[in-house]
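I'm opening my notebook on a new protein model today. I'll jot down what I looked up, one topic at a time.

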Amino acid sequence: MNVSENNHLLKPGESVQKHPWSRYVALGDSFTEGIGDPEPANPGGHRGWADRVAEELGRGHEDFAYANLAIRGRLLQQILDEQVGPCLELQPDLVSISAGGNDLIRPGGDPDLLAEKLDVAVGDLSSGGATVVLFNGPDTAASVLGRIRGKVAIYNENLRTVAARHDAVIADMWSLRQLADSQMWDADRLHFSPLGHHTIAMMVLDALNVQHTLEPLMPKALPPRTWREARSSDLVWAREYFVPWVIRRIRHQSSGDGIAPKRPTPGPVFGPSGTLLPRN
């Protein structure tokens, strides 16, 4: 995407337009928690697309508050059981929910059943008038998750039906072709890199029709790799990331065990002076 193609990018000297939201709550798993986008000063040590979106939504809006209840490793039912109720208690007028990805990568993950469960939750979240942003899954053809591409595609079509039923906004990851670049992904090949989170944040803001200051960032050209170098990289990835993931599955452990939400209560993004508040 070129800057000229982004109609929501603020021009130099242009003031921020008002949007209708004052309280944003993000729900989900590691994707929404911000895993892959490390920032030590942030609560939980990660930033991510949701923090980036909240920062843009907070510009020029003194009453804007943001909470993030997402926890890494959570399955869909856990997100529904643990996060939807607390979210409703916070009375947000904007909610994002990304859930089901961890279910789909497991054997037996049923995209139809998952969508049916999510449909009920989206109905509850939107019943009070909140705008709900619903994420579909990215095209996994070029990733280590290529084997579940068909299930992701089915799930995505189901989510479009859910969104239409509840007047939700679709954050269309599948159409975000920039994510096919390996530099959009973290070293673990399962989460997004800072570049990926930045790109996704732009897409979300555009889907909400919100002007923002985020400019497109393009991956740097990488030198070609020999077959031996690629094979060596695959072996390192398997040892450092894939094998530990399998072991956790065997032991029925989750990367989110013992982890609490990084922003459990809504708070401001910017201070009275208009500067970004410290993220600790």
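**Overall.** I started with burial: of the 280 residues of the protein chain, 49% count as buried (under 20% relative accessible area with a 1.4 Å probe, protein chains only). This is a predicted model, where local features need pLDDT of at least 70, side-chain atom pairs count only at pLDDT 80 or more, and totals for chains, interfaces and linings use all residues. Residues are numbered from 1 along each chain as its sequence is written, and side-chain values use heavy atoms, with hydrogens and water left out.

**Confidence.** I checked pLDDT next, the predictor's confidence in each residue, from 0 to 100. The chain's mean is 87, and 84% of its residues reach 70 or more. Over residues 1–5 the pLDDT is below 50, though this stretch has nine contacts beyond near neighbours in sequence (contact means heavy atoms within 4.5 Å).

**Elements.** I found eight helices and six strands in the protein chain. These are DSSP runs numbered from the N terminus: helices are H or I with at least four residues, strands are E with at least two. From the N terminus on, the order is β-α-α-β-α-β-α-α-β-α-β-α-α-β.

**Helix H2.** Is H2 (residues 49–58) buried or exposed? I see 10 of its 10 residues buried, so the rest of the structure largely encloses this helix. Just after H2, glycine 60 takes a positive phi of about 75°.

**Cores.** A nonpolar core is a set of buried Ala, Val, Leu, Ile, Met, Phe, Trp, Tyr and Cys residues joined through side-chain atoms within 4.5 Å. In the largest one, with 34 residues, Leu27, Ile97, Leu118, Leu125 and Leu134 touch the most other members. Strands E1, E3 and E4 and helices H3, H5 and H6 each supply at least two residues of this core. H5 gives the most, with six residues. I also looked up leucine 134: leaving aside neighbours within four places in sequence, its contacts include Ile97, Leu118 and Leu159.

**H5 against H6.** These two helices pack at an angle of about 25°, with axes 9 Å apart. I call H5 roughly parallel to H6 because angles under 35 degrees count that way. The axes are lines fitted to C-alpha atoms over the stretch in contact, and angles run from 0 to 180 degrees between N-to-C directions. Among the residues making the contact are Leu118 and Val122 of H5 and Leu159 and Val162 of H6.

Conventions:
Buried means under 20% relative accessible area, exposed over 50%, partly exposed in between (1.4 Å probe, protein chains only). Angles under 35 degrees count as roughly parallel, over 145 as roughly antiparallel, 65 to 115 as roughly perpendicular and the rest as oblique.
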